[in-house]
Structures are given as structure tokens and as C-alpha cells.
Amino acid sequence: MPNNVAGFRAKYKIPQRVLADLLNIKLPTYCNKENNVRAEFTRSEMVSITIFFKQYEPQITMDDLFFYPKVLHRSEERRVGKECRSRW
């Protein structure tokens, strides 16, 4: 499942090392979890990361970081335009 942690981390210029230390895991393991390569964040790690980011954005939720897609859906107009072009 994609997550938005990297986006929020980049927005506030937080090095990966800081979050790896927060979770008490090695940096390569953290990188794999952030990129969903062979690993995912555990529930307790998600809670810790959410609490950490609340100091930057008090209204942030776990859903914002972990459960909503990174990219918003394309507009209906763009979708319809692509369908019309495919019929030509």
C-alpha cells in the first residue's frame, strides 16, 4: 500500500535517518518500509510517525500519511478526453 511519508518528510526537509532513529530501526530497513519494498510499517510505527509529524502539522492524521493515495484521481474531463482519443 503506498504511503505519503516520503512526501511529508521532504516537505519539512526531515532526513530519513531521523525517522529511522525514532522507530529504532536501521536506515536501510526504514527506506524499504517508506518505499514499500519487501516491508511495510507496523501499526505502532505508524502511530509514532503520525505523532512525530503532528509537531509540524497538528491536524495531520494517520490516514493522511498512510492510507490515502499519493496522487489524486485525474479529472473527469481528462479521462473523457483520453477515451475519445482512443476511439479515433
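Me: What should I keep in mind about the model before we start?
Reply: The model is predicted, so local features need pLDDT of at least 70 and side-chain atom pairs count only at pLDDT 80 or more, while totals for chains, interfaces and linings use all residues. Residues are numbered from 1 along each chain as its sequence is written, and side-chain values use heavy atoms, with hydrogens and water left out.

Me: How many helices and strands does the protein chain have, and what makes a run count as one?
Reply: A helix is a DSSP run of H or I with at least four residues, and a strand is a run of E with at least two, numbered from the N terminus. On that basis the protein chain has 6 helices and 0 strands. Read from the N terminus, the order is α-α-α-α-α-α.

Me: Why is Phe8 called buried?
Reply: Buried means under 20% relative accessible area, exposed means over 50%, and partly exposed lies in between, using a 1.4 Å probe and protein chains only. Phe8 has a relative accessible area of 16%, so Phe8 is buried. Phe53, at 1%, counts as buried by that rule too. Across the 88 residues of the protein chain, 30% count as buried.

Me: Why is the pair of Phe8 and Phe53 called tilted?
Reply: Rings of Phe, Tyr and Trp (its six-membered ring) pair if their centres lie within 6.5 Å; planes under 30 degrees apart are stacked, over 60 edge-to-face, and the rest tilted. Phe8 and Phe53 sit 6.1 Å apart centre to centre with 55 degrees between the planes, hence an aromatic pair that is tilted. Phe8 belongs to helix α1 (residues 5-11) and Phe53 to helix α4 (residues 43-54), so the pair ties together parts that are 45 residues apart in sequence.

Me: What makes Tyr30 and Phe41 an aromatic pair?
Reply: Their centres are 5.8 Å apart, and the 55 degrees between the planes makes the pair tilted. Tyr30 is in helix α3 (residues 27-34) and Phe41 in the loop between α3 and α4, 11 residues apart. Tyr30 and Phe41 are both buried. The structure holds 7 aromatic pairs, and ring pairs link Phe8, Tyr12, Phe52, Phe53 and Tyr56 into a cluster.

Me: What makes a set of residues a nonpolar core, and which members touch the most others in the largest one?
Reply: A nonpolar core is a set of buried Ala, Val, Leu, Ile, Met, Phe, Trp, Tyr and Cys residues joined through side-chain atoms within 4.5 Å. The largest has 17 residues, of which Val5, Tyr30, Phe41, Ile49, Phe53 and Phe66 touch the most other members. Two or more residues come from each of α1, α2 (16-23), α4 and α5 (62-67). Helix α4 supplies the largest share, 4 residues. In soluble globular proteins, nonpolar side chains tend to be buried together.

Me: How do you know that Glu34 is buried, and what does its side chain reach?
Reply: With a relative accessible area of 4%, Glu34 is buried. Glu34 lies in helix α3, and its side chain makes a polar contact with the side chain of Arg9 at 2.9 Å. A polar contact is a pair of N or O atoms within 3.5 Å; within protein, one must be able to donate a hydrogen and the other to accept it, and residues adjacent in sequence count only if both atoms are side-chain atoms.

Me: Why is the pairing of Glu57 and Lys11 called a salt bridge?
Reply: A salt bridge needs a side-chain nitrogen of Lys or Arg within 4 Å of a carboxyl oxygen of Asp or Glu. Glu57 and Lys11 meet at 2.8 Å, N to O, and qualify. Glu57 is in the loop between α4 and α5 and Lys11 in helix α1, so the pair ties together parts that are 46 residues apart in sequence. The count by this rule comes to 4 salt bridges.

Me: What makes Arg17 partly exposed, and which residue is its salt-bridge partner?
Reply: Arg17 has a relative accessible area of 39%, and is therefore partly exposed. Its partner is Asp21, with the closest N and O atoms 3.2 Å apart. Asp21, at 47%, counts as partly exposed.
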